[in-house]
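Hi! Here's the structure I promised to pass on to you. Have a look at it first, and then read my notes below.

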Amino acid sequence: MTSTLARLETIHAADLEAVRAVGKVLPDVARAVEEIARRLEAGGRWLNVGAGTSGRLGVLDASELPPTFGVSPSLVTGRIAGGRAALVDAVEGAEDDEAAGAAEIRAEGLGGNDVVLGIAASGATPYVAGALVAAKAAGALAVALVCAPGSRLAALADLALVVETGPEVLRGSTRMKAGTAQKLVLNMLSTAVFARLGLVWRGEMVAMRPTNAKLRQRAIDILGRTLGVADEEARALLSETGWELPPALVAARWRVTPSRASAWIAACRGNVARALEEEPS
């Protein structure tokens, strides 16, 4: 009988394989980042679409972006086969409904500046295929994130991120290696996209929303780490801006009023990093 430790060592080794598999497709991920960022900068939206584990990971990543980067909850959203109920319970057969995936996307009224990221370990999920077909018909960018070579979804997509993770330790359980790889790529995509859009500066989340005591202290710390602002001054400045971090940072950086800082950020089209690098004109 396999010992618990030996089993865990096997799973851990498999997880490392997933990390290495992601490393092999970094050029493709970089291209996707550039294409997605360009469309969002032009006013587009980004939808993650998947079923089961893949769908849950897509919804998870989308839901974490507003507090992390201060973006609107409608900018990046997630769709899962079977709807919200499928986030916590299996909805049998939902992933096989290609028409439902297509209808979900058509209802969004997408256009040329929008992006649909279809996530499916097998690369064959009908619900996701329907979503990608409808996305392309609407002129949106269709991106596939899959873990199997030669898949239908990869062939359908404008851009395919094919992370070949191989057989699972628990045969067929793609919540394991494949799920790990998908989460890694989603982290990379969203973080790099919003860095490109100027919501990261000096490795800090300069547009994060301080919505609780822990995050308010984090905002104070960011002002201290990046600009050397003392805690008391940082707290006063953040209070003056209604606990909006970007204008507080810009005001501290250039020694301007919060209202002037907000106007400069708007002039920089919301690119906080640019507003911090370029002195207000």
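This is a predicted model: local features need pLDDT of at least 70, side-chain atom pairs count only at pLDDT 80 or more; totals for chains, interfaces and linings use all residues.

**Around helix α7**

Residues are numbered from 1 along each chain as its sequence is written, and side-chain values use heavy atoms, leaving out hydrogens and water.

Back to α7 itself: it covers residues 177-196, 20 residues in total, and spans 28 Å from its first C-alpha to its last. That is close to the expected 28 Å at 1.5 Å a residue, where the expected span is 1.5 Å times one less than the number of residues. Its buried residues include A181, V185, L186, L189 and F194. "Buried" means under 20% relative accessible area, "exposed" means over 50%, and "partly exposed" is in between (1.4 Å probe, protein chains only).

**Two residues to look up**

Find N48 in strand β1, residues 46-50. Is N48 buried or exposed? N48 counts as buried because its relative accessibility is 1%. Ignoring neighbours within four places in sequence, N48 has contacts (heavy atoms within 4.5 Å) with several residues, among them G58, V76, R79, I119 and L186.

Now try D221, which sits in helix α8, residues 213-227. With 29% relative accessibility, D221 counts as partly exposed. D221 and R235 are 14 residues apart in sequence, and their C-alpha atoms are 9.7 Å apart in space.

**The whole chain**

Zooming out, the chain has 12 helices and five strands. Its radius of gyration is 21 Å, close to the 19 Å that the globule rule gives for 281 residues, so the chain is as compact as a globular protein of that length. (That radius is taken over C-alpha atoms, and the rule is 2.2 Å times the number of residues to the power 0.38.) Along the principal axes, the C-alpha atoms fill a box of roughly 60 × 50 × 35 Å. Buried residues make up 47% of the 281. Of the contacts with a separation of 6 or more, 64% are between residues 24 or more positions apart.

Happy exploring!

Definitions and conventions. Helices (H or I, at least four residues) and strands (E, at least two) are DSSP runs, numbered from the N terminus.
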